[in-house]
Amino acid sequence: MGRRIRSTNLLSNLPQLQNLIKRDPQSYVEEFSQQLHHFEASLAIFELKPDEEAKEFGELINFLSQVARCYPKKSAQFPAQLIALLERHYPVLDAELRKTIVQALILLRSRGLVSNVQVMPLFFTLFRCRDKKLRKLLFTHIVSDVKAANVGRHRDHALNKTLQNFMYTMITAADAQDKRGEGAIAAKKSLDICIELYRKGIWTDSKAVNVVVQACFSPVTKIMVTAVQFFLNPLKKSDSGDDSDDSETEAAGGSAQKKPTSKFQMIRHQSNVNKKTRSRQRILDKVTRVHKKELARRNGHVPDDDGDDDDGEGGARTGNKARRGGA
């Protein structure tokens, strides 16, 4: 009776059950099996309406990914089920649930329960999603996973060849030629990964360079510019923007305007709050001059090199000195 009550309580408290399983896996085989069966039943129901939120389903996936290594035989099909779910329904899945499934696969990959060859093609496909957080997560994982597979003199040639062929296919695909399409987003991120791995000294062979060469002929401006900038300076990071679906204005000028303005506002705020001293006033004056020059350059007006372009008194003194020198 006590065992039955304990089992019922644990089934409704997944964090506690997860903690207990990690401490003593053999004592909770039955509870894990019940949760695994519950997942399979929930999966069958969820696939009928894959666009629903399904928060409890996501919590169950997270739980199973955390304890799957404790029961490798029982959970052998679990990674394949997650991969199949993403492959079939990733465009319509709820963003949080999709991210939870990806994080579960990354965790399973880090623990050796699924191979990188199985998940990498799926991760590149997920770059088509209009979800910046997900793309950033995938970018970081792919770069680190490929780096880990090519440590020192060891090179995973099979993985490298597979990924490079996959990148080449994505960049040259028909839907990658439309700058507004999802294929262009995936092609841009694939190119970013290829360039990043080259900079880290992991992919320095001709096949990786040929992927970038192909991108130079892309009709999508951001892809083409990124590839050309790579050949102009292979070790310098591209300034063409992070994601292909960002606006051109934000990618071109947003980052350049943010730092000087934010620094000027911060120092001006500090001068208003803190005690006024001569040194703080000098710093504020200097930052103000730099800020005015930056604004003038953005507006197409280049100020004098001697200082502020609106300093009439300084300009008059300079002119007087020039006249005296000429006399």
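**Helix pair H6 and H8**

I started with H6 and H8, which are roughly parallel to each other. The model is a predicted one, so I kept that in mind throughout. I then looked up the geometry: the axes of H6 (residues 95-110) and H8 (residues 132-149) cross at roughly 10° and come within 11 Å.

Next I listed who makes the contact. From H6 I have Arg98, Lys99, Val102, Gln103, Ile106 and Arg109. From H8 I have Leu134, Leu137, Leu138, His141 and Asp145.

**Whole chain**

I zoomed out for the overall counts. How many helices and strands does the protein have? It has 15 helices and zero strands. There are 327 residues in the protein, and 39% of them count as buried.

**Leu43 and Leu85**

I went to H3 (residues 29-46) next, where Leu43 sits. Leu43 has 9% relative accessibility, so it counts as buried, the limit being under 20%. Leaving aside neighbours within four places in sequence, I find Leu43 in contact with Phe57, Gln81 and Leu85. I also took a C-alpha to C-alpha distance here: Leu43 and Leu82 are 9.5 Å apart in space and 39 residues apart in sequence.

Leu85 is in helix H5 (residues 78-89). Is Leu85 buried or exposed? Leu85 is buried, and its relative accessible area comes out at 0%. With neighbours up to four places away set aside, Leu85 is in contact with Leu43, Phe46, Glu47, Phe57, Tyr90 and Ile101. Phe57 is on the contact list of Leu43 and on that of Leu85.

**The loop between H3 and H4**

Ala54 is in the loop between H3 and helix H4 (55-67). Its phi is near 55°, a positive value in a residue other than glycine. Ala54 is partly exposed, at a relative accessible area of 26%.

Asp51 is in the loop between H3 and H4 as well. Is Asp51 buried or exposed? Asp51 is exposed, with 55% relative accessible area. I also looked up how Asp51 sits relative to Pro91: they are 40 residues apart in sequence and 9.0 Å apart in space, C-alpha to C-alpha.

**Arg128**

I moved on to the loop between helix H7 (116-125) and H8, where Arg128 is placed. Arg128 has a relative accessible area of 19%. Buried means under 20%, so Arg128 is classed as buried. Which side chain does the side chain of Arg128 make a polar contact with? The partner is the side chain of Asp175, at 2.5 Å. Apart from neighbours within four places, Arg128 is in contact with Tyr90, Asp175, Glu182, Gly183 and Ala186. Tyr90 is a name I had already written down, among the contacts of Leu85.

**Ser218**

Then I checked the loop between helix H11 (206-215) and helix H12 (221-232), which holds Ser218. Ser218 is buried, with a relative accessible area of 9%. Its side chain reaches the backbone nitrogen of Val220 at 3.2 Å. Not counting residues up to four places away, Ser218 touches Ile223 and Met224.

**Cysteines**

Last entry. How many disulfides does the structure hold? I found zero disulfides in the structure. Cys70 is partly exposed, with a relative accessible area of 22%. Cys129 is buried, at 5%.

Note on methods
Residues numbered from 1 in each chain as written. Predicted model: local features only at pLDDT ≥ 70, side-chain atom pairs only at ≥ 80, totals over all residues. Heavy atoms only, no water. Disulfide = S-S within 2.5 Å. Buried < 20%, exposed > 50% of the residue type's maximum accessible area, 1.4 Å probe, protein only. Helix = DSSP H or I, 4+ residues; strand = E, 2+ residues; numbered from the N terminus. Polar contact = N/O pair within 3.5 Å; in protein donor to acceptor, adjacent residues only side chain to side chain. Contact = heavy atoms within 4.5 Å. Axes fitted to C-alpha atoms, helices over the stretch in contact; angles between N-to-C directions. Parallel < 35°, antiparallel > 145°, perpendicular 65-115°, else oblique.
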